Amino acid sequence: MTHAQLAGLASAILGAIGTLVLFFNSYALQPFQGGIFGSDALTASNNAIRTANAKRVVRQRIGLAFLCVSFAIQAVAVFL
């Protein structure tokens, strides 16, 4: 295989991985429950939601990073 073909294959694989990661993690963030004042259980629930939302954002950024690397590899493959 030539360098351009290898770069194209790597780009396709990274693009597919990034697309799947974004597909499974790109739904809207979960909203918080209650108003300003709440019980300890509500505060604990909101803290769990905050943690879950932070993890979801990290996974979204990882998926987007895979796609960006895929585009960069494909741009390099054009000049090989």
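The model is predicted: local features need pLDDT of at least 70 and side-chain atom pairs pLDDT 80 or more, while totals for chains, interfaces and linings use all residues. Residues are numbered from 1 along each chain as its sequence is written, and side-chain values use heavy atoms, without hydrogens or water.

There are 2 helices and 0 strands in the chain, counted as DSSP runs (H or I, at least four residues; E, at least two).

| Helix | Span |
|---|---|
| H1 | residues 3-25 |
| H2 | residues 40-78 |

The C-alpha atoms fill a box of roughly 65 × 15 × 15 Å along the principal axes. The radius of gyration is 19 Å, whereas a compact globule of 80 residues would have one near 12 Å (C-alpha atoms; 2.2 Å times the number of residues to the power 0.38). Of the contacts (heavy atoms within 4.5 Å) with a separation of 6 or more, 77% join residues 24 or more positions apart.

Buried residues (under 20% relative accessible area) make up 20% of the 80 residues. Beyond its neighbours within four places in sequence, Arg 56 is in contact with Asn 25, Tyr 27, Ala 28, Leu 29 and Gln 30.

Met 1 lies in the segment before helix H1. Met 1 is exposed (over 50%), with a relative accessible area of 69%.

Definitions and conventions. Buried < 20%, exposed > 50% of the residue type's maximum accessible area, 1.4 Å probe, protein only.
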